[in-house]
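Please keep the viewer open while you read.

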Number of protein chains: 2
Amino acid sequence: MVDPSAINQAIGEASPALERALSDVGRQAIFPPDIPFQAAEARGKRYNATIGQITDGAGQAVELPTMSAVMSLFSAPDRNRAMLYSPVEGIPELRDLWRAWQRRLRPEKPSTLPLVTAGLTHGLSLVADLFGGPGRAIAAPTPFWGNYRQTFGLRTGARMVSAPAFRDGRYNAEAIAEALADEPDGAPAVAILNIPSNPGGYSPTVDERRRLLDSLVGVAARRPLVVVCDDAYTGLVFDPEVPRESMFWELSGAHENLVPVKIDGGTKEFSFFGGRVGFITFPFELESEIAEALTSKVKCLVRAALGSPVATSQMVLVQALRDPEIAGQVETVRLLLENRCRVLQAALETVDRELLVPLPFNSGCFALIELGPRVETDAQSVRRLLLDEFDTGVIAVGERFLRIAFCSVRASDLAEVVTRLERGVAKLAGRGAV
Amino acid sequence: MVDPSAINQAIGEASPALERALSDVGRQAIFPPDIPFQAAEARGKRYNATIGQITDGAGQAVELPTMSAVMSLFSAPDRNRAMLYSPVEGIPELRDLWRAWQRRLRPEKPSTLPLVTAGLTHGLSLVADLFGGPGRAIAAPTPFWGNYRQTFGLRTGARMVSAPAFRDGRYNAEAIAEALADEPDGAPAVAILNIPSNPGGYSPTVDERRRLLDSLVGVAARRPLVVVCDDAYTGLVFDPEVPRESMFWELSGAHENLVPVKIDGGTKEFSFFGGRVGFITFPFELESEIAEALTSKVKCLVRAALGSPVATSQMVLVQALRDPEIAGQVETVRLLLENRCRVLQAALETVDRELLVPLPFNSGCFALIELGPRVETDAQSVRRLLLDEFDTGVIAVGERFLRIAFCSVRASDLAEVVTRLERGVAKLAGRGAV
């Protein structure tokens, strides 16, 4: 492996805080000059005997007939790209189209050409490899998506720290600052910002965003802070007063010690869950030295754990992004969810607050409901009872919370789901049927 | 996270050697009882509000019209499975079909239901997480696929150890045993068996396989040995005297300290490079406790780094495996490569052995050629000259080797590729044009 010190230096010159935040693995990572590197150099040569994929010898895929059948709605050059290896960094047309999609509302801030990942979790795991590592503090407001524990903690030895996302039923914009308050001055940290949130289904208002930004800048005054914008649910906002765009853009340039990293993708926004196409984007100018250095590190890590991202579903997403009607199609899905969100909000208005305390939600795919303060059962028991006696599945989050995924329930069914949940809790709380 | 000690114990009871070989991360891994676990329990309920994917509320995908168009050659239920999340362990029908495909020639040995990975490299990275870790010896004959360094070394801190795959132009069946000879007695180790090999394109003969098996059993007499069968190129064997099947089956049960792990997939054998569908399989009975324990660990690690494997290309592979003609279609691709292999073997017969020394090759996608003993240039210089002056791309492997990927060159072009390679080396060696 080539010496990575030159690219670490390029990072340190453009962003000393980001260089200090690198993990040991992140520090060592550099895209090696082996097969994909050499194959990239040989593209377009008369004879290209570099790459271990079966072609007709002129760059066209050799397809099994059964696969040709299902792939035949791709045009010929697209199908070829869907069948053969993607570049490690992703298919160029998709990267360009996605960057334009990301920037359609906020063109004034710098951003790198997104690198393709195998879904959003893979993007998070790349951030964990780059900036996690043993003992590193990872701050996330509770309750948070439980898989962060595996992605950051189990895999890299990082340490989750937390503070409540809601206090007295209201959004706590200082949760990340509180979680990091006791970390020693100067120690780098990672914060995870998941807006709209999972499991909360909440997006902060204009005023809450301002306070959130201020508090993160306050954290950055004391330490290098990498803010992971887990933008899985970006755009799925249902309150016209609440901003729809990622916080990535506001965080960019807010403080020299604060570096946001954007993780997004086609999973939710394009309703393409099975495709596993995500992206990782940094807040630096296209083709800057730091952009090239970070690209080298990400490509090294993608190659180490995956080889290359899936080409087939990249090409499906390319087809979608080429379509001039795409924004309207995405908006149609948003409206479908907006209706479900409103119906669920209305259904929860009337639940017995002794049994169930809904937290505020206005976006995303979920609503989070806390068990009433005097209910003595726990969330797992409620979940199990709902499965066994009420033919209904919900997710138990920690000891006291239940998550309803309104994204996968008909609007006309949501009131009945709430009724069953309330009846289940009542039964366990010894209150009889409601 | 739930305590993993019970599943570690299940592994230790069935295979003490495998339990001893677990890394720290492998020891901690257990599939957590969070969202995918709870969602799996809720499948089939009247109301299923568990999972964060957008459906019509009755389990059907909500598709953007542009994506429906390209997916429309899937039948309706298949398309749905292609658009929505795959289970973490993979789509059940694919796992069953792949197991039958793996076992079509060797039904007598036990094997688990394969878990789906995002391509073969991802399968290797799972083995690295489970059995690598700081300081662990990973033995691979040289030259080996350079990415093993990233997958095992960079990511987990494991240590590559090696010995030559060829000695005096002949296959060295004892390379792994030689590489591990100086490791302390009792220290667990991992060996990587890549047959047919990359970059070598070599598969051992019946006699060489017997010696290889004996030498690995000899290693296992001194230490727990996990043998990763990197079966990327399985089946692509072009010499009728050479066995085509994976060594996984012969290694299974050969010694109590020796545990083979099979990594294979649709990439090469089904010529579906862009699909990124791989599998990881262990040599234990279906539904045994150790099979369940290893499944839990693998699912934990897949979830931690990826979320779930790509569904879209799993469904493409399902279509292929359902087809009764599939074995014939795979054989057609094998014959295409067999012809190229023979043409390249013939073209290399006549090269000047002072300049280029071809190593034996009989399988896979590649031929490996060593620079002649008195040629003073290095492989990178040859590669660069071929790009710059001969319009030809090959891969430089280490200081002295060049790899020709005959899988991506027309049979009718291979003689010219060899001619250009020979002329390039001659020019750098100061021998003038040949």
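How much area is buried between chain A and chain B?

1. About 9,300 Å² is buried between chain A and chain B, with carbon and sulfur atoms giving 60% of that area. Buried area here is the accessible area (1.4 Å probe) that two parts lose on being put together, summed over both. Of the area that chain A buries against chain B, 9% comes from A:Tyr47, A:Ile54 and A:Leu154, more than from any other three residues.

2. A word on conventions. This is a predicted model, in which local features need pLDDT of at least 70 and side-chain atom pairs count only at pLDDT 80 or more, while totals for chains, interfaces and linings use all residues. Residues are numbered from 1 along each chain as its sequence is written, chains are lettered from A and ligands numbered from 1 in the order in which they are written, and side-chain values use heavy atoms, with hydrogens and water left out.

3. In terms of contact (heavy atoms within 4.5 Å), 110 residues of chain A touch 111 residues of chain B. Since 100% of the interface residues of chain A are also interface residues in chain B, the copies meet through the same surface.

4. Chain A superposes on chain B by a rotation of 180° with 0.0 Å of shift along its axis, at an RMSD of 0.0 Å. The two copies are thus related as by a two-fold rotation axis.

5. Now the charged pairs. Six salt bridges are counted between chain A and chain B, a salt bridge being a side-chain nitrogen of Lys or Arg within 4 Å of a carboxyl oxygen of Asp or Glu. B:Arg46 and A:Asp413 form a salt bridge through their side chains, at 3.7 Å from N to O.

6. Strands are DSSP runs (E, at least two residues), numbered from the N terminus, and two of them pair if DSSP finds at least two bridges between them. Within strand 13 of chain B, B:Gly393 is the bridge partner of A:Asn48.

7. Finally, some backbone geometry to look at. The peptide bond between A:Thr142 and A:Pro143 is cis, with omega about -10°. Another cis peptide bond, with omega about -15°, joins A:Ile195 and A:Pro196.

Technical notes:
Helices (H or I, at least four residues) and strands (E, at least two) are DSSP runs, numbered from the N terminus. Copies are superposed by least squares on the C-alpha atoms of residues with pLDDT of at least 70 in both.
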